[in-house]
Amino acid sequence: MIHSPDISPAQQFVRALDSIAEYTGTTTAWLTGIMVLVACTVVTLRHVFGIGSVALQESVTYMHALVFMLGAAYTLKNGEHVRVDIVYRKLSLRARAWVEVLGSLLFTLPLMIFIGWGSWDFVQESWRIREGSTDSGGLGGVYLLKSLLPFMAVSVSLQAIAELLRNLLVLMNLTPAQEEASC
């Protein structure tokens with residue numbers, strides 16, 4: 001990370017956390033196109049040629065899970081998460097910062113802790129038995145798919161911390177004007 005005299009260590013930390021979400025979001029986005037192609041292939045094989053493939057069908061589910069679970073932090077980073085925008089967009093910069101701080105502390109972080117903690121035994125047991133598909137001809141590695149739950153909880157938590165810090169900087173008037181516009 002390049003050190004800039006105009007950027008505080010807190011802002012550099014926020015940018016580093018943002019880069020994690022940016023990387024996971026952009027590297028998994030291409031899966032949506034592949035997922036559509038595979039889903040079309042499954043439908044074509046089944047309805048035109050009378051050929052079914054459980055593994056191919058399950059691969060669509062795996063890609064779908066990857067896109068959503070790995071894209072959740074990216075969605076939060078880019079402000080595309082669920083909130084009541086009708087009210088939010090009319091608020092001042094400081095009021096929006098308060099909404100984001102409280103949302104991170106009261107909703108996002110507790111929910112991610114709950115999901116991470118609650119899924120841990122579930123994922124651990126899946127790894128212990130090297131869980132695979134229950135369908136004949138299905139994909140193995142269900143334990144890998146289930147591992148996305150705690151991974152998503154960690155990645156969204158890191159992004160929630162970035163959002164929390166970014167908005168605390170706004171509230172403490174420690175964010176340069178050009179940075180405030182991106183909050």
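Ala153 counts as buried in this predicted model, at 3% relative accessibility, and the residue is found in helix α7. Leaving out residues up to four places away in sequence, Ala153 touches Met112, Ile115 and Gly116. A further reference point is Ala29, which is 124 residues from Ala153 in sequence and 19 Å from Ala153 in space, C-alpha to C-alpha.

Met112, one of the residues that Ala153 touches, also belongs to the largest nonpolar core, a group of 13 residues in which Met112, Leu148, Met152 and Val156 have the most contacts. The elements that contribute two or more residues to this core are α3 (54-77), α5 (93-128) and α7 (148-171). Apart from this core lies another one, of seven residues, which include Met35, Val42, Val60 and Val67. Leu148, named above among the residues with the most contacts inside the largest core, is in contact with Ala65, Leu66, Met69 and Leu70 when its neighbours within four places in sequence are set aside.

Ser119 is found in helix α5 and is buried, with a relative accessible area of 6%. Not counting residues up to four places away in sequence, Ser119 touches Leu149 and Pro150.

The structure holds one aromatic pair. Trp127 and Tyr143 form this pair in an edge-to-face arrangement, with 4.6 Å from centre to centre and 70° between the planes. Because edge-to-face applies to planes over 60 degrees apart, the angle of 70° places Trp127 and Tyr143 in that class. Trp127 is partly exposed, with a relative accessible area of 32%, whereas Tyr143 is buried, at 17%.

The relative accessible areas of the individual residues discussed here are set out below.

| Residue | Relative accessible area | Class |
|---|---|---|
| Ala153 | 3% | buried |
| Ser119 | 6% | buried |
| Tyr143 | 17% | buried |
| Trp127 | 32% | partly exposed |

For the chain as a whole, buried residues make up 34% of the 183 residues. The protein chain contains eight helices and zero strands, and its pattern, read along the sequence, is α-α-α-α-α-α-α-α. Among contacts between residues at least 6 apart in sequence, 71% join residues that are at least 24 apart.

The overall dimensions can be stated in two ways.

The protein chain averages a pLDDT of 90, and 92% of the residues score at least 70. Over residues 177-183, however, pLDDT stays under 50, and for this stretch the model has nine contacts beyond four places in sequence.

Conventions:
Residues are numbered from 1 along each chain as its sequence is written. This is a predicted model: local features need pLDDT of at least 70, side-chain atom pairs count only at pLDDT 80 or more; totals for chains, interfaces and linings use all residues. Side-chain values use heavy atoms; hydrogens and water are left out. pLDDT is the predictor's confidence in each residue, from 0 to 100. Contact means heavy atoms within 4.5 Å. A nonpolar core is a set of buried Ala, Val, Leu, Ile, Met, Phe, Trp, Tyr and Cys residues joined through side-chain atoms within 4.5 Å. Buried means under 20% relative accessible area, exposed over 50%, partly exposed in between (1.4 Å probe, protein chains only). Helices (H or I, at least four residues) and strands (E, at least two) are DSSP runs, numbered from the N terminus. Rings of Phe, Tyr and Trp (its six-membered ring) pair if their centres lie within 6.5 Å; planes under 30 degrees apart count as stacked, over 60 as edge-to-face and the rest as tilted.
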